[in-house]
Amino acid sequence: MSFAAELQKACDRAKDRAVETVRLTALGVHAGMARRAPVDTGRLKSNFQVGIGAINTATNAPAGSDPAPAAAAALATWRPGQTIWLTNSLPYARVAEFGLYGKPPGSANGPKTRGGYSSQAVGGFVRLTAQDFAQSFRRAARAAKK
């Protein structure tokens, strides 16, 4: 095998690892958001979606269903240069994340809320997962090397 062919083969392997790292990172972030989402009926966890090139606004996943298989299938279609969208389009997802229950202020406290926030996710769930992005990336990069 010529040097040029060996170099091309090495570049192809590196590109494949990079693609796999991006997919695994997105899958890890997706799983982290779903795992941290406050649970009531489970519908919020089930409706985390992956869109490739455009936002997936679907909200029809049944409560309690696992969003991971659909996420993995969508990410398998991703190619470099495309945007990966990780979303939850349920109307109350934003409320659960940013603590907007019971507006105006003072009317928010109840058995499932504290200061307008879900008592199960007082610090949010998307924001906390975003803070862990670097850790998700490192895990994905290690997994892609194998």
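This is a predicted model: local features need pLDDT of at least 70, side-chain atom pairs count only at pLDDT 80 or more; totals for chains, interfaces and linings use all residues.
User: What makes the pairing of Asp 132 and Arg 36 a salt bridge?

Analyst: The side chains of Asp 132 and Arg 36 meet at 2.6 Å, N to O, and since a salt bridge asks for a side-chain nitrogen of Lys or Arg within 4 Å of a carboxyl oxygen of Asp or Glu, the pair qualifies as one of the two salt bridges that the structure holds. In general, side chains of opposite charge can pair when their charged atoms come close.

User: How do you know that Asp 132 and Arg 36 link distant parts of the chain?

Analyst: Asp 132 sits in the loop between α5 (126-131) and α6, while Arg 36 belongs to helix α1 (residues 3-36), and the two are 96 residues apart.

User: Are Asp 132 and Arg 36 buried, exposed or partly exposed?

Analyst: Asp 132 has a relative accessibility of 25% and Arg 36 has one of 29%; partly exposed covers the values between under 20% for buried and over 50% for exposed, so Asp 132 counts as partly exposed, and Arg 36 likewise counts as partly exposed.

User: What makes Glu 97 and Arg 127 a salt bridge, and where do they lie?

Analyst: Their side chains meet at 2.6 Å, N to O, which is within the 4 Å that a salt bridge requires. Glu 97 is in helix α4 (residues 93-98) and Arg 127 in helix α5, 30 residues apart.

User: How do you know that the buried residues of helix α3 line one face?

Analyst: The buried residues of α3 (residues 68-75) are Ala 71, Ala 74 and Leu 75. Seen down the helix axis, they fall within an arc of 95 degrees, so they line one face, and they pack against α1, β1 (49-52) and β2 (84-87). On the other side of α3, Pro 69 and Ala 70 are exposed.

Technical notes: Residues are numbered from 1 along each chain as its sequence is written. Side-chain values use heavy atoms; hydrogens and water are left out. Helices (H or I, at least four residues) and strands (E, at least two) are DSSP runs, numbered from the N terminus. Buried means under 20% relative accessible area, exposed over 50%, partly exposed in between (1.4 Å probe, protein chains only). The arc is that of the directions from the helix axis to the C-beta atoms. Contact means heavy atoms within 4.5 Å.
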